[in-house]
Amino acid sequence: MGISSFKPSFLTGIGAIQRAHGSRLAALTGRQLTGFAVVRFAEDGEWFADCPVVLDFNGVQVAVCHTKFDELSIGWDTIDTRAAVAGWEWFEFTPQWSSSDERLEPFIGQDLCEVALLEWRPPGRGPAAGTVTLEFAFAEGCLRIANGLDENRIETGATQPPQPGCIRHRPGC
């Protein structure tokens, strides 16, 4: 992707994600979201959803990236969002880091109330069964970074019970 310090470690399944990242995700509770970065194309401002979504919780950086139907990588304090995204000279658009996103901006300055892992378990199984969404709950709403079928999808809204077919897991438990 041209992000020099991005070394994803994609995991599949709630158990593997809990074991690798549960305690660190749980430790984010109470920290303030102080910044974020997403990759956008310079020419049209479109979000490049294949690249990680980087959240900064007062000095603790979390990079979230989904791929395929069910793989999730969570990275910690590794991406320098001030560095240029390189290696795209062949492409017609220029990717660059941006701290502008109308979905994420309202959460800046808010303390994180809870983190949850939402596991998709629909009846009848399907190709997306087992997909894990990260949910960050704040006092004034909820931010979810979900699998958009081979890319990231950002969802926001009120904190609510998971939809049918979805199981809520508390990280670190």
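Colleague: Which strands does helix α1 (residues 14-26) lie across, running at about 175° to β7?
Modeller: Helix α1 lies across β7, β8 and β11. Lying across rests on contact, meaning heavy atoms within 4.5 Å. Helices (H or I, at least four residues) and strands (E, at least two) are DSSP runs, numbered from the N terminus. The angle is between N-to-C directions, from 0 to 180 degrees, with axes fitted to C-alpha atoms, for helices over the stretch in contact.

Colleague: What kind of model is this?
Modeller: This is a predicted model: local features need pLDDT of at least 70, side-chain atom pairs count only at pLDDT 80 or more, and totals for chains, interfaces and linings use all residues. Residues are numbered from 1 along each chain as its sequence is written, and side-chain values use heavy atoms, leaving out hydrogens and water.

Colleague: What does the chain average in pLDDT?
Modeller: The average is 90, and 95% of the residues score at least 70. pLDDT is the predictor's confidence in each residue, from 0 to 100.

Colleague: And where is confidence lowest in the chain?
Modeller: In β11, with a mean of 88. Strand β3 (residues 53-57) is highest, at 98.

Colleague: Back to the sheet with β7. What is the strand order?
Modeller: β10-β9-β8-β7-β11, an open sheet of five strands with antiparallel pairing. Two strands pair if DSSP finds at least two bridges between them.

Colleague: Why is one side of β10 and β11 left without a neighbour in the sheet?
Modeller: β10 (152-157) and β11 (166-169) stand at the edges, so each has a single partner strand. Neighbouring strands here are turned by 25° against each other on average, direction ignored.

Colleague: How many bridges join β7 to β8?
Modeller: Seven, between residues 112-120 and residues 132-138. In β8, valine 132 is the bridge partner of glutamate 119.

Colleague: What about the sheet of six strands? Which strands are at its edges?
Modeller: β1 (11-12) and β6 (95-98), each pairing on one side only. The order is β1-β5-β4-β3-β2-β6, open and antiparallel. α1 also lies across β1 and β5 (71-76), at about 30° to β5.

Colleague: New topic. Is glutamine 61 buried or exposed?
Modeller: Buried, because its relative accessibility is 11%. Buried means under 20% relative accessible area, exposed over 50%, partly exposed in between (1.4 Å probe, protein chains only). Glutamine 61 is in strand β4 (residues 60-67).

Colleague: Which residues is glutamine 61 in contact with, leaving aside neighbours within four places in sequence?
Modeller: Val54, Leu55, Asp56, Gly75, Trp76, Asp77, Thr78 and Ile79.
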